[in-house]
Amino acid sequence: MQPGIWRRIKEEISIWRVGTLPGIVVLCLVIIIRLTGAMQSLEWLVFDNFLRLRPVESVDERIVIVGINEDDIHDFGYPIPDQDMASLLQKLQAYAPRAIGVDIVRDIPVEPGSAELVSTFQQHKNLIGIEKALPITIDPPPYLPDAQISFVDQIPDTDGKLRRSLLATITPKGYKFALSLKLAEMYLANEGIQLKYEVGDRNSIWVGNIQLPRVYSNSGGYVRTDAGGFQVLLNFRSGQERFRTVTVGDIKAGKFQPEWIRDRIVIIGMTAPSAKDFTTTSAIPSAKFAPPGQVYGVEIHAHAVSQLISAVLNSRPLLKTWEDKWEYLWIIAWGFLGIAHARLTKFPLLNLVTIGFASFILVLVAYIFLIGGWWIPLTPAIIIYTLNSLGLTALYQYEQALKAEINAHYTMIERTFETIHNGPLQTLAKVLKLVKEQNLPADILLPEIEKELEKLNYDLRGIYEFLQREPINQDKSLYLGQGLVINLHDPVHQILYQVYSYTLERDFPCFKTIKVKIRTFEPIEDKGLSIEQKRGLCRFLEEALCNVGKHAAGVTRLEVNCSSSEGWHTLTIIDDALATSSFKEGRGTQQFRNLARQLKGKFRRVSLSPRGTLCELSWPASKFWFY
């Protein structure tokens, strides 16, 4: 692997490390918060709204609700006497329903007509009575055998809303089944479909070939919930009208179609607000004449029956949840996606747009999954994704800004050193050489040293004044010395010419022997060059010319050429001085090589035969647009 690629990989790893650890900490905190149950309410809210927003389903005509409304209570009294109840049941039986569930407590007789009601229940085996099994019990009708008794207990969540259906439970009197399961079993028996179940803490219930998906204490958005008995998530039918509903008065008056009853499931229950037989839910619209968020209990049983027979006969999905390991793997995946998003998105507005888009996709996926029968974690996933995306973006931006500030300081130090190196240090080197060699008499040497020191003082003050300017001016300018500042926004050939002219005017010993000066600065395309690259070209030319002035002993000819040919730009400095056997690679040469790498070009410095030196920097014009 090339060193440059490996360096970039290490830099990228170091950048990712900045956000990964905080992102993992936030992810762990979100998971811990979910494990405490603090997110249950949010997950229930999403669950309810998704159910409410599903496409409207058709009325399930296999179930008819016979509601006892306020008019019926006015006509028959409350509770309805056994005689009127027996008459209602007999009339319904005349239209041959498959099953009738009586969602009305009948633990004690309501005279008159008790004997008549007992006879009716004992005569028809498709009648199901009710009891309350847990925790406070209400006895079933005493004259019914166990096969015709079911419980109507429900288990609301801690916010008071119903999302689960209790189908079976162990009681002191044995294993009991819910009204909905009894009615579904009776209806499906005519289709040749049997109910199978196992008793125990981990029991299973099969309706035909379908195993009912049981709710456990941590299923879906639940955390340590009461999962006693056999519970399933209640997949309410969607829409405003879910079941056909008639009143007791309609049945008495014959205001119904016989086919509404024939071969159907009939559930009799209270639909009078004064009876207060309500269940709270946000998953479906409120019942007619009921308070907001309230549904009559009899309709809840209809939903529970409908989801069972629809799953078997119509392949309508039952609501299921993932195992815990898959839920938390899903949450972790979105947490790391947030970390990646924060790293890859560099602009705040784009970051907000992508967060919004990704969140919309996540919500849409969760909604589609729910329609397909899967309740997947949305709230923790969207929270961890948003927190990591927003929070870590700010962290990355701060880290990048800090790096940029450090790089700016480093660049300023480099620029300052280059300015000092090519100006004051050259003057200082000349002074040291004069002192060391002492080739001049004292009366000439001292004035010469004084002149050079004055120049050094002037240059240092000029550099100080340049550095005091606004950074924006420093970024687009280059200080050469003697108060000369060139604008790096000017064309390349112009600024190179200014560097050439200034440098050759400097008091270097070898410049005095030059007899022939040839220069060519052709206009070249420089739109792809950055300010820093143009600065580097200027420093390259200045350093190369200074080397000629200091070291090119015996030079008489200097040729400087900047031109374009065959898709390449070339800046060449050639002298005819006595060639040296080797070159010491100092700081200047290292900078030239770095500049060549930045430009995707080449640098060379070679001895010419029989004498002279060539210093050349070339770079491809065709790649400017990629910088």
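Visitor: Hi! Which residues make up helices α4 and α5?

Guide: Helix α4 covers residues 82–93 and helix α5 covers residues 114–123. Keep in mind that we're looking at a predicted model.

Visitor: Okay, and at what angle do α4 and α5 pack?

Guide: About 30°, with their axes 7 Å apart.

Visitor: Is the crossing of α4 and α5 left-handed or right-handed?

Guide: It's a left-handed crossing.

Visitor: Which residues make the contact?

Guide: From α4 you have Asp 82, Gln 83, Met 85, Ala 86, Leu 89 and Gln 90. On the α5 side, they are Ser 114, Glu 116, Leu 117, Thr 120 and Phe 121.

Visitor: How many of those are nonpolar, polar or charged?

Guide: Sorted by class, the contact of α4 with α5 has five nonpolar, four polar and two charged residues.

Visitor: New topic: how many salt bridges are in the whole structure?

Guide: A search of the whole structure turns up 24.

Visitor: What does Arg 244 form a salt bridge with?

Guide: Its partner is Glu 61, and their closest N and O atoms are 3.6 Å apart. Arg 244 sits in strand β11, while Glu 61 is in the loop between α2 and β1, so to speak distant parts of the chain, 183 residues apart.

Visitor: What about Asp 139, which residue does it pair with?

Guide: Asp 139 forms a salt bridge with Lys 173, with 3.8 Å between the closest N and O atoms. Asp 139 is in the loop between β3 and β4, and Lys 173 is in the loop between β5 and β6, 34 residues apart. Asp 139 is partly exposed at 42%, whereas Lys 173 is exposed at 62%.

Visitor: And how far apart are the closest N and O atoms of Lys 512 and Asp 507?

Guide: They're 3.7 Å apart in that salt bridge. Lys 512 counts as exposed, at 62% relative accessibility, and Asp 507 is partly exposed, at 23%.

Visitor: Last one: which residues are linked in a network of salt bridges?

Guide: Asp 48, Asp 157, Asp 159, Arg 163 and Arg 164 are linked that way.

How values were computed
Residues are numbered from 1 along each chain as its sequence is written. This is a predicted model: local features need pLDDT of at least 70, side-chain atom pairs count only at pLDDT 80 or more; totals for chains, interfaces and linings use all residues. Side-chain values use heavy atoms; hydrogens and water are left out. Axes are lines fitted to C-alpha atoms, for helices over the stretch in contact, and angles run from 0 to 180 degrees between N-to-C directions. Helices (H or I, at least four residues) and strands (E, at least two) are DSSP runs, numbered from the N terminus. A crossing is left-handed if the near helix is turned anticlockwise from the far one by less than a right angle, and right-handed if clockwise. Contact means heavy atoms within 4.5 Å. Ala, Val, Leu, Ile, Met, Phe, Trp, Tyr, Cys and Pro count as nonpolar, Asp, Glu, Lys and Arg as charged, and the others, Gly among them, as polar. A salt bridge is a side-chain nitrogen of Lys or Arg within 4 Å of a carboxyl oxygen of Asp or Glu. Buried means under 20% relative accessible area, exposed over 50%, partly exposed in between (1.4 Å probe, protein chains only).
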